[in-house]
Amino acid sequence: MSRQVRIWARWFPELMRFHAPEEALSGMVKHQTPLFVVIYLVTFAVYFGVYFTWLDDHIPRVIRPVLFALGSVICGVLGYALLRKRLRRGLRRELRAEGVMLCIPCGYDLQGNQSGVCPECGKAVEVTV
Ligand SMILES: [Zn+2]
């Protein structure tokens, strides 16, 4: 397992369940990058809209580059945070296709589950075809 996969698996533990985690990772990144870029640009625009509308006049010149750098980091983290849940659900759906039965909403291992209800989160087991 590559170093890149191990790092990503800290935030997306589902990756460890794939037979080919490198493929799962590249698929995940490829599919979600456009959405991430859109979220990033929108939050970036809002941040700097606020910055130039209200803050610019009141902030000393030396601090401005710091605020710019901070803004880009915040936007990136926000985009990631907004997408994380969605990405993890997507990975669980892909794992289902590989025969690994995980609860789509919470990630609980449903191997051998007969009741049709997840014991962890209480949701009905989503049927994927
Ligand atoms: Zn569950």
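This is a predicted model: local features need pLDDT of at least 70, side-chain atom pairs count only at pLDDT 80 or more; totals for chains, interfaces and linings use all residues.
Local features were considered at pLDDT of at least 70 and side-chain atom pairs only at pLDDT 80 or more, whereas totals for chains, interfaces and linings use all residues. Residues are numbered from 1 along each chain as its sequence is written, and side-chain values use heavy atoms, with hydrogens and water left out.

With a salt bridge taken as a side-chain nitrogen of Lys or Arg within 4 Å of a carboxyl oxygen of Asp or Glu, the count is 3. Glu-14, Arg-88 and Arg-92 are linked in a network of such contacts. The side chain of Glu-14 pairs with that of Arg-88 at 3.0 Å, N to O.

Relative accessible area was classed as buried (under 20%), exposed (over 50%) or partly exposed (in between), with a 1.4 Å probe and protein chains only. Glu-14 is buried at 5%, Arg-88 is buried at 18%, and Arg-92 is buried too.

A further salt bridge joins the side chains of Arg-17 and Asp-109 (3.0 Å, N to O). Arg-17 lies in the loop between α1 and α2 and Asp-109 in the segment after α3, so this pair ties together parts 92 residues apart in sequence. Arg-17 is partly exposed, at 35% relative accessibility, and Asp-109 is partly exposed, at 33%.

Definitions and conventions. Helices (H or I, at least four residues) and strands (E, at least two) are DSSP runs, numbered from the N terminus.
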